[in-house]
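Here is a short report on one protein chain.

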Amino acid sequence: MMMSLRFPFLFSQPTNMPGSGSSSQNNHRSTPRPRFSATFAAATAASIGAAAAAGVAVVSQNPNHPFFQHAANLLLPNSSSLLWASVSLADGSAPVVEPKSGVSFPAVLGSSLTLLGVGLRKKSILGLKNIDVYAFGVYANGDDVKKFLSEKYGNLSAFELKNSKDFNNDLMEADISMTVRLQIVYSKLSIKSIRSAYEESVGSRLQKFSGSDNKELLQRFTSQFKDEYKLPRGSLVELSKEPGYVLKTIIDGKEIGSIESKLLCRSILDLYIGEDPFDRRAKDDVDLNVASLLQQK
């Protein structure tokens, strides 16, 4: 059986969203999920028959229909959260909610960055309790993605790309404009905590990718997070990789620093979409949606 699917960008979302019905968290309201929009076209074997094809047409505009869900389960028995299919951007304008925190992220950042995945950074306290520190969204310039990756990966399936270590490395290494947007969830988070956390996590990545500790580069980055900056719940931090491997750090719309370093850009991205990411679900969404960009002509 041959089947062609077209959907807007898809993100892992549970059925029940947190915080629904609460009016006290304006920055964390749940918003509608992206709609399944485009058509479900199927060329089936003779044994399927015209009745099955008609059923597909009936449910193409209703992703909650049992027929649709059953078909998805048959196609993807080991994945309830991802649909490996050709993705359409036509209806990808609705904000996307990080389901565990209820934080919503715009589908487009600025004029050219497309949301590829959302996730949650958790931190263990004394090994006894996990706290939700911040929700994050990973954005990329779609034209850059196609420019730097299409020739090598454009003919591969989403499944092949998802399991390709080279693809993941090239995504982080290429001069693609990308932004990781953080929205603070933990109300007691201090700028010192952010600084210390990045000293550990970014420091380990600098060591991993260069073979040395790069203390000066690490200090240049972490020193941007000065004590004068406050990070109450709802604060926004953006780590933006600009053309030429320039990393810009922005807090609540104010640029606090800029460093040109391919190594630093790679180390930051590795935290969110590398081999051992903060949120595996977010990385899987990014892989899926980058693959969809490459399949677009």
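The protein chain has nine helices and 12 strands. The model is predicted. Of the chain's 297 residues, 48% count as buried. The accessible surface of the protein chain is about 14,700 Å². Carbon and sulfur atoms account for 51% of that surface. Contacts reach across the sequence: among those between residues at least 6 apart, 70% join residues at least 24 apart.

**Aromatic pairs**

How many aromatic pairs does a search of the whole structure find? The search finds seven. Two of them are set out here, one pair to a row.

| Aromatic pair | Centre to centre | Between the planes | Geometry |
|---|---|---|---|
| Tyr134 and Phe136 | 6.5 Å | 70° | edge-to-face |
| Tyr272 and Phe278 | 5.3 Å | 90° | edge-to-face |

Why do these pairs count as edge-to-face? The class is given to ring planes over 60 degrees apart. Tyr134 and Phe136 have 70° between their planes. For Tyr272 and Phe278 the angle is 90°.

Ring pairs also join Tyr134, Phe136, Tyr272 and Phe278 into a cluster. Are its members buried or exposed? Tyr134 has 4% relative accessibility, so it counts as buried. Phe136 is buried too, because its relative accessible area is 0%. Tyr272 and Phe278 are both buried.

**Charges over rings**

Which residue lies over the face of Phe278? That residue is Arg121, at 3.7 Å from the ring centre. Phe278 thus has two partners described here: Tyr272 in an edge-to-face pair, and Arg121 over its face.

The charged end of Arg266 sits over the ring of Phe209. Its distance from the ring centre is 4.1 Å.

**A nonpolar patch on the surface**

Now to the surface. Ile125, Leu126 and Leu128 form a nonpolar patch there. Together they have about 380 Å² of accessible area.

Where is Ile125 placed? Ile125 belongs to strand E7, which covers residues 113–125. Why does Ile125 count as partly exposed? Its relative accessibility is 36%, so it falls in that class. The class lies between the buried limit of 20% and the exposed limit of 50%.

**In brief**

Two views stand side by side. Tyr134, Phe136, Tyr272 and Phe278 make up a cluster of linked rings, with Arg121 over the face of Phe278. On the surface, Ile125, Leu126 and Leu128 form the nonpolar patch.

How values were computed:
Residues are numbered from 1 along each chain as its sequence is written. This is a predicted model: local features need pLDDT of at least 70, side-chain atom pairs count only at pLDDT 80 or more; totals for chains, interfaces and linings use all residues. Side-chain values use heavy atoms; hydrogens and water are left out. Rings of Phe, Tyr and Trp (its six-membered ring) pair if their centres lie within 6.5 Å; planes under 30 degrees apart count as stacked, over 60 as edge-to-face and the rest as tilted. Buried means under 20% relative accessible area, exposed over 50%, partly exposed in between (1.4 Å probe, protein chains only). A charge sits over a ring if NZ of Lys or CZ of Arg is within 6 Å of the ring centre and within 35 degrees of the ring normal. Patches are made of residues with over 30% relative accessible area and no salt bridge: like charges are joined within 9 Å, nonpolar side chains (Val, Leu, Ile, Met, Phe, Trp, Tyr) within 5 Å. Accessible areas come from the Shrake-Rupley method with a 1.4 Å probe; for residues, only the protein chains shown count as cover. A salt bridge is a side-chain nitrogen of Lys or Arg within 4 Å of a carboxyl oxygen of Asp or Glu. Helices (H or I, at least four residues) and strands (E, at least two) are DSSP runs, numbered from the N terminus. Contact means heavy atoms within 4.5 Å.
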